[in-house]
Amino acid sequence: MSPAAEPIEAISQRVDMFVSAQQETVTDAGPEAARFISAAADAVTGGKRLRGRFCIAGWRAVEEAAGPAGSPPAPVIAAAAALEVFHAAALVHDDLIDNSDTRRGRPAAHRALEAEHRGAGWFGDPDAFGRSSAILLGDLLVAWSDDLLEEGLAETSPERAAAARRQYALMRREVTLGQFLDVAEESAFVTEPDDRHAERALRVASFKSARYSIQQPLAIGAALAGADAAQAAALAAFGHPVGMAFQLRDDVLGVFGDEAATGKPSGDDLREGKRTVLIAYAREALAPNARRIVDELVGDPTLDAAQIASLQQTIVDSGALERVERLIADYAREADRALSGARLGNAAVSELRDLARAATVRTT
C-alpha cells in the first residue's frame, strides 16, 4: 500500500465500522428505516477523503515537531472519519440546493431516494419524497459526524478534546454560513456593482470551502496533537490559501471539467447559476450587452451543449480563465511560504505540500 493510500484506508475503515454499528441500532425499526440507513451508508462511500487526510496531516505536522510520530492514534482517525461523514452531509444538502441529479457519477441522494419511492410503488409524489428524505438524510449524517467525533475525543485528554471540539464547531458554523452566502449570491449579485462581484465570490469561497475543506481539518488535527499558538497560526496561514486554490480549481472544473472525471455534467455550474470568481472576471471584461447575455444564460437549467460551449468560449476569450489560473498559482505560492521556518515536522511539511498539490492540480 502506498503512503498516500494508508490514511485513506484507515479513514474509510473507521467510517465503515461506525456505519455498521449504526445499522445494528435500527434492526427493530422496520424495512423503511433500514433503507434510510443504507442511503446514509451509500452517501459516505467513496471520495478522496481529502478533509480527513488534512486532519491527519495537521496532527502529524505538530507531533513530528517533537519527534517521530508513528501511526495516528484512534482519536485522530475518528476525527478524520467524522469530517468525512460531515462532508457527506454537506454534499447531500448541496446537491439538493443545487438541484443536481448526480454525484460522483451516481444519482444524487435525493434522486436515489426518489427512485426508492417509485420502485416501491408507494403513494404520493416521488420527487417530494426524495427531497424531504434527503433533508433528513443530511441531518442524520451531521448527527453521525458528531457521534463519531465524540467517540474519538473520549480517548484523548480533556484539554485536547476541548480544543478539537471548538475547531469542529467553528467549521460547522462557517460552512453553513458559506452555503447560505453561496445561495444568496445567485440572487444578490444584481444589486451589487460589477467591480465587487469577484470580491464577494472570494468571500463565498473562503467560508464555504477554504476554511471547511482545508484550514479547519488541519486545525482539528493540530489541536489533537496539542499545537501551540505559533504552530496553529502557521497551519492556518498555509491552510486558507490552499483552500482558496482548491475552491477556485473546483470552480474551473464546474465549468470546464470532463464529466467522465468529475462525475457531473460539463458546465453544471453554469446551469446552476454559480456566481464564481470565474464568472465575475468574465463579466468585468465584457461590454454591457455581452454581460447581459451572460447574465441571462447563467442559471438557466435548460442550457444545451451548444449554449454551454458558447459560454465556455466567452469565459476563455475574456481572459477570466487565465486570471483564475494565475490566482490559483498565487494562493499556492502563499501557502508554500507559510510553511517556511514553521516549527513543524520536516517530513510532515513535505506531506502537506504534496496534499496541497493534490488539492489544487487535479481533474476531479
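**Figure 1. The largest nonpolar core of the predicted model.** In this predicted model, the largest nonpolar core contains 75 residues, of which Phe-54, Leu-141 and Phe-238 touch the most other members. Helix α4, spanning residues 74-98, contributes the largest share of this core, with 15 residues.

**Figure 2. The surroundings of Phe-238.** Which residues does Phe-238 touch, when residues up to four places away in sequence are not counted? The list comprises Phe-54, Leu-218, Ala-335, Ala-338, Leu-339, Leu-352 and Ala-356. Phe-54 and Phe-238 are also two of the residues that touch the most other members of the largest core.

**Figure 3. The fold and its dimensions.** The protein is built with 16 helices and two strands. Its radius of gyration is 21 Å, close to the 21 Å that the globule rule gives for 364 residues, so the protein is as compact as a globular protein of that length. Along the principal axes, the C-alpha atoms fill a box of roughly 60 × 60 × 35 Å. Among contacts with a separation of 6 or more, 76% are between residues 24 or more positions apart.

**Figure 4. Interior, surface and charge.** Of the 364 residues, 50% count as buried. The protein exposes about 16,100 Å², and carbon and sulfur atoms supply 54% of this area. There are 39 positive and 54 negative side chains. The centres of these two sets lie 4 Å apart.

How values were computed. Residues are numbered from 1 along each chain as its sequence is written. This is a predicted model: local features need pLDDT of at least 70, side-chain atom pairs count only at pLDDT 80 or more; totals for chains, interfaces and linings use all residues. Side-chain values use heavy atoms; hydrogens and water are left out. Helices (H or I, at least four residues) and strands (E, at least two) are DSSP runs, numbered from the N terminus. The radius of gyration is taken over C-alpha atoms; the globule rule is 2.2 Å times the number of residues to the power 0.38. Buried means under 20% relative accessible area, exposed over 50%, partly exposed in between (1.4 Å probe, protein chains only). Contact means heavy atoms within 4.5 Å. Accessible areas come from the Shrake-Rupley method with a 1.4 Å probe; for residues, only the protein chains shown count as cover. Lys and Arg count as positive and Asp and Glu as negative; His and the chain ends are not counted. The place of a charge is taken as NZ of Lys, CZ of Arg, CG of Asp or CD of Glu. A nonpolar core is a set of buried Ala, Val, Leu, Ile, Met, Phe, Trp, Tyr and Cys residues joined through side-chain atoms within 4.5 Å.
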